[in-house]
Amino acid sequence: MSDKVQIGLIQATHDVDGHEPVETHKEQAIKKHIQLVREAAEKGAKIICLQEIFYGPYFCSEQNPKWYESAEEIPNGPTTSLFQELAKELGVVIVLPIYEKEGISTYYNTAAVIDADGSYLGKYRKHHIPQVGVGDKGYGFWEKYYFKPGNLGYPVFDTAFAKVGVYICYDRHFPEGARLLGLNGAEVVFNPSATVAGLSEYLWKLEQPAHAVANGYYLGAINRVGYESPWNMGEFYGQSYLVDPRGNFVKTASRDKDEVIVAEMDKKFIREVRDTWQFYRDRRPETYENMVELLP
């Protein structure tokens, strides 16, 4: 296995108005992203990550039971199966963030991980679920209406090209899971997101490079772009990027365009950084017990 791996990050606008039926959203977004995955593969990407709940708008702007219809089982749903076929055809790993339904009506914000032979490796369920208002029109990140907190831990998937971890959107504000992904062996962690200017942009290029440095891995941050109607609660500001274990930005996408960026990770560089900064050797977990106690 080569030490150097091309990473593909996909950011895109969502072009369908929120009043349209769920199936219209899914059909058009899936068609669009299949072409973007193909473009990433043509540019040499071997591991490709899409944005959070890629096949629809960021519907958590409102609280509307309509959007429950967009959830699917993983891995037995049609979208996972479709992208398994695509991954096998192209010989690429795909990190596929979709809305998951388990059983009759239990829902999670999830990413399926598909290997380069099309096999389903497993899934990560978002742990940290926000309930944050934006502006004065009643819109916000009303995710507790749609998602239960993740319950599958912080798995790392041994793909054909690298050991991959996933941390979804709001998770990025919490360093504990980022550290556990490193302890579990991640070489690259992906954070598919949907976040708007005015709320989080000043943190976008601070927190995740810090995770990469503290844990000695590459991190791919993905954000959608544009405005989504009818909510228009803010601009999804793109700027997807790959950052290395020293906190250097390897490549960054534009603020406002559909874009596929492909950038290189080097596992030899991970080893060099970890040999210099022995954070895993010097950590003191026996002193951290209070972190997992409930505060009064």
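This is a predicted model: local features need pLDDT of at least 70, side-chain atom pairs count only at pLDDT 80 or more; totals for chains, interfaces and linings use all residues.

Two strands are said to pair if DSSP finds at least two bridges between them.

E1 and E2 belong to an open sheet of 6 strands with mixed pairing, whose order is E5-E4-E3-E2-E1-E16. Its edges are formed by strand E5 (120–125) and strand E16 (259–266), each of which pairs on one side only. From one strand to the next, the twist averages 30 degrees. Helix H2 (residues 78–90) packs on this sheet, where it touches strand E3 (93–102), strand E4 (106–114) and E5, and the direction of H2 makes about 170 degrees with that of E3. Helix H6 (residues 267–276), in turn, lies across E1 and E16, and H6 runs at about 55 degrees to E16.

**The sheet that contains E14 and E15**

Another open sheet, also of 6 strands and with mixed pairing, has the order E8-E9-E10-E11-E14-E15. Here the edge strands are strand E8 (156–158) and strand E15 (249–252), each pairing on one side only, and the twist from one strand to the next averages 20 degrees. Strand E14 (residues 241–243) runs antiparallel to E15, with 3 bridges joining the two; in this pair, valine 243 stands opposite phenylalanine 249 of E15.

**Packed helices**

Two packed helices are described by the angle between their axes and the distance between the axes. The table gives these values for two pairs of helices.

| Helix pair | Angle | Distance between axes |
|---|---|---|
| H1 (residues 22–42) and H2 | about 20 degrees | 11 Å |
| H3 (residues 175–183) and H5 (residues 207–215) | about 40 degrees | 10 Å |

How do H1 and H2 lie relative to each other? Angles under 35 degrees count as roughly parallel, and H1 and H2 are therefore roughly parallel to each other. The crossing of these two helices, H1 and H2, is right-handed. On the H1 side the meeting residues are Ile30, Ile34, Val37, Arg38 and Ala41, while H2 contributes Thr79, Leu82, Phe83, Leu86, Glu89 and Leu90. Divided by class, this contact of H1 with H2 comprises 8 nonpolar, 1 polar and 2 charged residues.

For the other pair, the angle of about 40 degrees makes H3 oblique to H5. H3 passes H5 in a right-handed crossing. The contact involves Pro175, Ala178 and Arg179 from H3, together with His211, Ala214 and Asn215 from H5. These residues of the contact of H3 with H5 fall into 3 nonpolar, 2 polar and 1 charged.

**Annotated region**

An unreviewed UniProt entry carries the annotation "domain: CN hydrolase", which covers residues 5–267. What are the helix and strand contents of the chain over residues 5–267, and how far apart are the end C-alpha atoms? Over this stretch the chain is 22% helix and 30% strand, and the end C-alpha atoms are 8 Å apart.

Technical notes. Residues are numbered from 1 along each chain as its sequence is written. Side-chain values use heavy atoms; hydrogens and water are left out. Helices (H or I, at least four residues) and strands (E, at least two) are DSSP runs, numbered from the N terminus. Axes are lines fitted to C-alpha atoms, for helices over the stretch in contact, and angles run from 0 to 180 degrees between N-to-C directions. Contact means heavy atoms within 4.5 Å. Angles under 35 degrees count as roughly parallel, over 145 as roughly antiparallel, 65 to 115 as roughly perpendicular and the rest as oblique. A crossing is left-handed if the near helix is turned anticlockwise from the far one by less than a right angle, and right-handed if clockwise. Ala, Val, Leu, Ile, Met, Phe, Trp, Tyr, Cys and Pro count as nonpolar, Asp, Glu, Lys and Arg as charged, and the others, Gly among them, as polar. UniProt positions are given in the numbering used here, feature names are shortened, and annotations may be inferred rather than shown by experiment.
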